[in-house]
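Here's a quick tour of one protein chain, written to be read with the model open beside you. Have a look at the fold, then follow along from one spot to the next.

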Amino acid sequence: MIDIFTTGGTIDKVYFDALSEFQIGPAAIPDMLRENNVHVPHRVTQLMRKDSLELDDADREAIRAAVAASDAARILVTHGTDTMVVTGRLLAAIPGKTIVITGAMQPASVRASDAEFNVGFALAAVQTLPAGVYIAMNGLLFDPATTVKDRAGARFVAAGSE
Ligand SMILES: NC(=O)C[C@H](N)C(=O)O
């Protein structure tokens with residue numbers, strides 16, 4: 001059983017026409033998994049709906065506590081990309097679980113989005129990797145301890161190489 005926790009981020013953003021802006025809506029992952037005929041046993045819990053730039057220490061602690069309290073050994077977290085590595089570093093203190101964090105550069109609700117690719121890749125990663133914390137984005141796996149987001153390049157890179 002894979003425990004999936006959603007926290008918000010661009011992956012869950014939807015366009016509010018009346019306001020002419022994107023806001024974080026309900027988690028995109030349940031519809032995505034259903035529409036893609038995914039029968040991997042899983043459970044989805046929406047922990048929060050925040051852009052990751054707005055996550056504070058209490059939010060991160062809530063994510064850490066939820067993951068630590070899960071009875072599942074394999075955990076998928078969807079999260080905004082801007083501070084994914086910060087949360088990943090905190091989750092690294094949890095022993096004995098395979099924890100994979102993913103998100104998207106473009107909302108799942110828009111056509112040219114990397115969301116479905118990233119979720120599919122992360123779902124494969126979480127089922128096969130040994131215990132540890134990983135960021136799974138755009139076809140690559142990263143260790144949060146040694147990774148940073150290159151915002152201009154819209155990608156993750158090794159710390160120091162950006
Ligand atoms: N692509 C993203 O998810 C960026 C967004 N600002 C976030 O970190 O929540």
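Let's start at threonine 147, which sits in strand E9; helices (H or I, at least four residues) and strands (E, at least two) are DSSP runs, numbered from the N terminus. Before going further, bear in mind that this is a predicted model, where local features need pLDDT of at least 70, side-chain atom pairs count only at pLDDT 80 or more, and totals for chains, interfaces and linings use all residues. Residues are numbered from 1 along each chain as its sequence is written, and side-chain values use heavy atoms, with hydrogens and water left out.

Back to threonine 147: with a relative accessible area of 2%, it is buried. Buried here means under 20% relative accessible area, exposed means over 50%, and partly exposed is in between (1.4 Å probe, protein chains only). What does threonine 147 touch, not counting residues up to four places away in sequence? Its partners are Val85, Arg89, Phe142, Phe156, Val157 and Ala159, where a contact means heavy atoms within 4.5 Å. Alanine 158 is 11 residues away from threonine 147 in sequence, yet the two C-alpha atoms are 4.6 Å apart.

**Two loops with a positive phi**

Stay around strand E9 and you'll find alanine 154, in the loop between strand E9 (147-150) and strand E10 (155-158). Its phi is positive, about 50°, although alanine 154 is not a glycine. Most residues other than glycine have a negative phi. Asparagine 138 is another such case, with a positive phi of about 55°; you'll see it in the loop between strand E7 (132-137) and strand E8 (140-142).

**Helix residues on the inside**

Asparagine 138 also turns up on the contact list of asparagine 118, along with Thr102, Gly103, Ala104 and Met137, once residues up to four places away are set aside. Asparagine 118 itself belongs to helix H4 (residues 115-128) and is buried, with a relative accessible area of 0%.

Beyond its neighbours within four places in sequence, isoleucine 63 meets Thr7, Leu47, Met48, Leu55, His79, Thr87 and Leu91. Where does aspartate 17 sit relative to isoleucine 63? The pair are 46 residues apart in sequence, and their C-alpha atoms are 31 Å apart in space.

Leaving aside neighbours within four places, threonine 87 is in contact with Leu55, Arg60, Ile63 and His79.

| Residue | Element | Relative accessible area |
|---|---|---|
| Asparagine 118 | helix H4 | 0% |
| Threonine 147 | strand E9 | 2% |

UniProt, in an unreviewed entry, places the feature "active site" at Thr10; UniProt positions are given in the numbering used here, feature names are shortened, and annotations may be inferred rather than shown by experiment. In the model, threonine 10 lies in the loop between strand E1 (2-8) and strand E2 (13-16). Not counting residues up to four places away, threonine 10 touches Gly80, Ala104, Met105, Gln106, Pro107 and Ala108.

The unreviewed UniProt entry also gives "domain: L-asparaginase N-terminal" at residues 2-151. That stretch is 28% helix and 31% strand, with its end C-alpha atoms 30 Å apart.

**Stepping back**

How many helices and strands does the protein chain have? The tally is 4 helices and 10 strands, and along the sequence they run β-β-β-α-β-α-β-α-β-α-β-β-β-β. The C-alpha atoms fill a box of roughly 45 × 40 × 30 Å, taken along the principal axes. Of the 162 residues, 45% are buried. Among contacts between residues at least 6 apart in sequence, 63% join residues at least 24 apart.
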